[in-house]
Amino acid sequence: MMGEIVYFPDRCPEKDLVQNSISRRASRRTLHSQAGGRFRLHQRGIHGEMRLFVSEGAPGSLPVLAAAGRAQGRAELLISTVGPEECVVPFLTRPKVPVLQLDSGNYLFSTSAICRYFFLLSGWEQDDLTNQWLEWEATELQPALSAALYYLVVQGKKGEDVLGPVRRALTHIDQSLSRRSCPFLAGETESLADVVLWGALYPLLQDPAYLPEELGALHSWFQTLSSQEPCQRAAETVLKQQGVLALRPYLQKQPQPGSFEGRAVSNEPEEEGLAALSEEEIAMAVTAWEKGLESLPPLRPQQTPVLPVAGERNVLITSALPYVNNVPHLGNIIGCVLSADVFARYSRLRQWNTLYLCGTDEYGTATETKAMEEGLTPQEICDKYHAIHADIYRWFNISFDTFGRTTTPQQTKITQDIFQRLLTRGFVLQDTVEQLRCERCARFLADRFVEGVCPFCGYEEARGDQCDKCGKLINAVELKKPQCKVCRSCPVVKSSRHLFLDLPKLEKRLEEWLGKTLPGSDWTPNARFIIRSWLRDGLKPRCITRDLKWGTPVPLEGFEDKVFYVWFDATIGYLSITANYTDQWERWWKNPEQVNLYQFMAKDNVPFHGLVFPCSALGAEDNYTLVNHLIATEYLNYEDGKFSKSRGVGVFGDMAQDTGIPADIWRFYLLYIRPEGQDSAFSWTDMLLKNNSELLNNLGNFINRAGMFVSKFFGGYVPEMVLTSDDRRLLAHVTLELQHYHQLLEKVRIREALRSILTISRHGNQYIQVNEPWKRIKGSEADRQRAGTVTGLAVNIAALLSVMLQPYMPTVGGTIQAQLQLPPPACRVLLTNFVCTLPAGHQIGTVSPLFQKLENDQIESLRQRFGGGQAKAPAAPAVVEAVVTAAPQQVQVLMDEVTKQGNIVRELKAQKADKNQVAAEVAKLLDLKKQLALAEGKPPETPKGKKKK
Amino acid sequence: MAAAAELTLLEKSLGLSKGNKYSAQGERQIPVLQTNNGPSLTGLTTIAAHLVKQANKEYLLGSTAEEKAIVQQWLEYRVTRVDGHSNKDDIRTLLKDLNSYLEDKVYLTGYNFTLADILLYYGLHRFIVDLTVQEKEKYLNVSRWFCHIQHYPGIRQHLSVVVFIKNRLYTNSH
């Protein structure tokens, strides 16, 4: 590393020389060498010390050194030279020079900011014009310039290759200078903007070859600045009279600048533009469309019970078993049962042989606690809550093939069998555990039956397993002043024998199995992560017994008064529920070759499904079907916080039906915000928004219009369709989107696939809007035919949507199908191509609106009812107002009026009526159109991406 | 968020009643403001600083020379680094850097809330919204800062609230 001697001549002779720390006088003093090859530019500190880090050949040094003179007398400046790859700024990953370290410890790592700081020290005030130049320099000039310098210095290119990228920027400077006829960028005197831009441009422009003759104003500005002493000095120091090649040692260490022309800097998400289609794709889509109903395969006969069939795709779907002691909240519902339901319904639409099962998880401490609270027996509690759960899921239209429970003889039989197999194969250990025992109640206390003072934070009501205040996990015996939750007496520590599953011994099998299963599977990333982190930390033996009564008995001498710990036998619930559904349950659960197992859950359940149960099953050596695809969601929050039963915050399953909002709307919104890949939050305002914009205004509006046109203009019969090239393109676009939907759902990306439905409907709305069948129907024969084609194609898209919608909104899907009288086979199968299912001549039924508008005050009162402090927050009126849209009927009325008024104008024009009269009617028409656009929730101007016919 | 929409948000958070109209320039849709008494202004941070002065809230641009330079440095960072990159690796580096920078800071300048916090918040919103819980924990300091700014009165407006969980989930203990 080389130190560089720099000195700054005094540019402000009027300043008190004593104060000039970096003055001509001062700069000629000796430079004190410091350790590590650093050189110190002498000075008395006045406002402290700052340290500038530069690197040989770093172009940023030019403006910084040229501006440094401004800081004279303000602070002591030390200059250190570092290597081009040295990371000076501790918080930046990539090396950056020049950097100015301030006395306070702060770093300025932006060249402009360093120059600005020097200028600010000299008393200069910031102004808009300088800010504008500096922003332009950073965002426009620098990307172009670094590309040009890289081509020139590192790649040895010449001429237009170098000048090309920067020409536009140079012209911009030239024009700004000449337009304002000022010698400097920000006015009559040299300022910060000039120094920064000059410093940036100097390496390139000092070679006359890259300073175009025709840019006169730029020319003279550049010459003026270059001849000034601070700039000259800086140039000499940095370029050392080697010209631009002096930058080589630095630039060749830099990554190649990206193609600066093509970079997308927009903050906006990509416009929902139409993808480019090849002729081939279009032709294929048209061929598939024309095959129509014939292409539907024969329907699978529905069998009960559903059993795997050799040679078919057999899909076994489970949803995590909800714990019986509570009413599930929306987060529980979307986390497993609803997500799994969408996939099960989709799977059936694909004609895959599908069994979807779930049930309540009923054993364990929590049930006993709850029973005690409610003064019932555990069995009575389970019966009560099992019915509540079943009712809720019925209301949400969850299509279980069976919804069972874990408190059955089958559960005992299968659990004990797996245990026995593990025991005889040496995978079960025994050990003694210190536990709290209540002498008065004569039993060991499970974690939740103990309360006491938290050993960590001193919280008074910490539970035996976890402190609610500090969140730390607690070992019940560590609690201070423990109390039995039932009788409030002080328990004593006693030891108790327990059984452990020897997970370390099974770890190798598990890893082998994961190694085979994970690649190419659809395990969600969070599930993979959780399993990986457990394995990384190494598995430990897990206790599988508990001193409880309410559970599966342990079939081992000496353990008669113990039961299995729920996490050992809860996952076995899937097997026993299947066994209660069919005595041939082993065809599902001991058949990994033929069965594809999808398990849905929230992420907290991943270890039991992805690790503990597979270990038990592998250790039992009975050819169990193990999870192929573990689908775990993140968490759903409520408004800004968490769902909390105890605080009465959030919507719980049984309350959703009291809101008056239909189950399908709940399903839609929950699926729309499904915590897929990230947490999400339920928000009332957002629900209103999505209902009114996506369902009412987009989807509902399109499907209703398509059906209404058939009823109104064609007497309820689907008209003849004569496809033009525009229509063929639309077919291909819809097909493409449909295929995207399939790809996503095959990967269980449920939330994303829902977007495809809405996209198709948006295409449909735009198609109707552009082609205006309501006008053409009143026109010539050709116009009428066009109106027929558009209507026919639109109503077929509506039919397709009704099927695509089924997994998400089964009732709405069914309603649309009834309105359109879609033939039954077409309702039950979803092909990968868009086919004509409503051929010309098909008679549709009565069309009516599908969705209700959600009103602000309705939502506000619901928000208050389900509360959680949200009521205080303003209802974000700005957002709501922006999307208030009219009901479809109102849109229809306006549309009719626009049509009517359009005819009046046409007639007047045809009659060559008085100009003023025509103008007045045209004004009325424009006004109506504006109202219509507003009612449809569109911006009044022509929508972007509108196709020209 | 388009730049014009962002500036409108800023106007509201600054309490400027009269909304300006912005046009957009070039393919990057750089915002342009036609001022009443002078030439037009171009560029997000330039206009933003202008609005701050218009609202007589100069303190949002920093009060000392050092603070002013730091504010401008982060504004530049916003339009070059945050807006300039959308590939995942760049975003990760950016969040990592910011996270380590914010380790000992409440605001970008240290202890004072400035325009840099507002515009960086607006600019990062689209990325933070997409972070997983795990990533939010990884960039804990960014999360803390972001959560703080989004609850700063009048800043967030219609932007969605990003939820940050207080309890850590991805600790390695189990």
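About 4700 Å² is buried between chain A and chain B, and carbon and sulfur atoms give 49% of this area. Buried area here is the accessible area (1.4 Å probe) that two parts lose on being put together, summed over both. The model is predicted, so local features need pLDDT of at least 70 and side-chain atom pairs count only at pLDDT 80 or more, whereas totals for chains, interfaces and linings use all residues. Residues are numbered from 1 along each chain as its sequence is written, chains are lettered from A in the order in which they are written, and side-chain values use heavy atoms, without hydrogens and water.

The contact (heavy atoms within 4.5 Å) takes 52 residues from chain A and 57 residues from chain B. Two salt bridges cross the interface, each defined as a side-chain nitrogen of Lys or Arg within 4 Å of a carboxyl oxygen of Asp or Glu. One of them joins the side chains of A:R94 and B:D90 (3.6 Å, N to O). On the side of chain A that touches chain B, 19 residues are nonpolar, 15 polar and 18 charged. In this division, Ala, Val, Leu, Ile, Met, Phe, Trp, Tyr, Cys and Pro are nonpolar, Asp, Glu, Lys and Arg charged, and the others, Gly among them, polar.

Chain B also holds an open sheet of three strands, ordered β1-β2-β3, with antiparallel pairing. Strands are DSSP runs (E, at least two residues), as are helices (H or I, at least four); paired strands share at least two bridges. The edge strands of chain B are β1 (22-25) and β3 (41-42), each pairing on one side only. B:V32 stands opposite B:T42 in β3(B).
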